[in-house]
Amino acid sequence: MPHEVDQSFLALPLRALADAALARARSLGAEHADFRFERVRSAAWRLRDAKLAGSSDTTDLGYAVRVVHGGSWGFASGVDLTQDAAARVAGQAVEMAKLSARVIAAAGSDERVELADEPVHADRTWVSSYEIDPFDVPDSDKSGLLAEWSAQLLAADGVAHADASLLTVQENKFYADTAGTSTTQQRVRLHPQLTAVAVDPVSGEFDSMRTIAPPAGRGWEYLTGNGWDWGAELAELPSLLAEKMQAPSVDPGSYDLVVDPSNLWLTIHESIGHATELDRALGYEAAYAGTSFATFDQLGTLKYGSEIMNVTGDRTAEHGLATVGYDDEGVAGQSWDLVKEGTLVGYQLDRRIARLTGFERSNGCAYADSPSHVPVQRMANVSLRPAPAGPSTEELIGGVERGIYVVGDRSWSIDMQRYNFQFTGQRFFRIENGRLAGQLRDVAYQATTTDFWGSMAAVGGPQTYVLGGAFNCGKAQPGQVAAVSHGCPSALFRGVNILNTTQEAGR
């Protein structure tokens, strides 16, 4: 059954504080003002060899007021839950806008902040899709399940150590603005992870392998079999690790790759997700997070990849980590095209960037990770679409004479323009004449973004599609962290350059 917003959040003086803040901003002449109240509870557990090594449970609670006054941004935040305090915070935001206006004028700029229009969404409530709130589950059950799984790994031949962790978040937000929008939301997400470590007692050589289950916008049911087969993955992990320990090192060269969704999601994140953030492509993140090769003047013309490449930005995907009902500017969640038939056709936008660049509407990509931070343009769930009647992973492998099947993410490197990159993985299998022929070690694939996506020769069907993702996407100054998902099918890439990581490290 659908969940309701936690009553303890609704019992807070949300509307009274919003009314006081917005009224004060109006009285001081703000062209726009919005109020955002947040309560973000985060809890984590970490086990080493089936024993609890650390845990935490923190709550971040407060509110923020953002204004446009005199064509400039102003922002302030507070934690005092009185109407007088909320009004003072609104006054501080207006003063910050006035100061910003003076600084901008002194720099010789006449740029004014204007926001793209958005329909009014009055008194809307949205709750993410989950069955059991992890914060309703006793802590002993959480650490107990991780200990049980760790013990299972440790009991297997060849496993010397086992690490386990679980991150859980419940995020509540109330938003109201001077246009009349008011929204109340609740999101739940979690990230379980287990790693097995093997050590050769003679040589001292070691390696590890971890689960490929992605983080998800789900509840506790995710750990009990709804959405992932934990029993099957934990059962096969030790034998896969043992095989990896004995695997030969890869011979560098050109190979065809079949990339599993458990690896490809990260390539999407780094080479498409960040590259299609329009604030970044315009240079607004150049001092910290970099720029993008996918510049605005190439919209509608840039050949991003092969004609079978179709990528969407999505704030509506069920269980997506970046899925919301409304973003932190009151914009309703949407889905839209970023790359269509291999061509760049869209970007990720917030309201200011949308108006600045001539778009009629934002696509809902404003987000702040805490009540003390200003919303910035953040990534949606950016996903590669499967082929409606596409092949299975086994069929993709069957079409390769000499290649490598890549499973699970590990390390990565990409330049500040999101163009030249290198990725490794959890495990790599040699493909010979359409069949898997054992694991390889020390593998990394290297390419430019357009060459890699241009080499994509086939995408799998819906049966291969998995929604991967991460909790820790970073951006902005001061730094903010956001969770984001990336769905994709298995995919076949022809003639990709493969490096041997041990040889590269020795150069």
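1. Start with Glu277. In this predicted model, Glu277 has a relative accessible area of 0%, so this residue is buried. Glu277 sits in the loop between helix H6 (261–273) and helix H7 (278–281).

2. What does Glu277 meet in a salt bridge? The partner is the side chain of Lys475, at 3.6 Å from N to O. Lys475 belongs to strand E20 (residues 466–475).

3. Now turn to Asp207, in strand E7 (residues 206–210). Its relative accessibility is 11%, so Asp207 counts as buried. The side chain of Asp207 forms a salt bridge with Arg441 at 2.8 Å, N to O. Arg441 lies in the loop between strand E17 (435–440) and strand E18 (443–448), so this pair ties together parts that are 234 residues apart in sequence. Both Arg441 and Asp207 are buried.

4. Asp207 also meets Arg410 in a salt bridge, at 3.5 Å from N to O. Arg410 is in strand E15 (residues 402–414), 203 residues from Asp207. Is Arg410 buried or partly exposed? Its relative accessible area is 33%, so Arg410 is partly exposed.

5. Look at the wider picture.

Note on methods. Residues are numbered from 1 along each chain as its sequence is written. This is a predicted model: local features need pLDDT of at least 70, side-chain atom pairs count only at pLDDT 80 or more; totals for chains, interfaces and linings use all residues. Side-chain values use heavy atoms; hydrogens and water are left out. A salt bridge is a side-chain nitrogen of Lys or Arg within 4 Å of a carboxyl oxygen of Asp or Glu. Helices (H or I, at least four residues) and strands (E, at least two) are DSSP runs, numbered from the N terminus. Buried means under 20% relative accessible area, exposed over 50%, partly exposed in between (1.4 Å probe, protein chains only).
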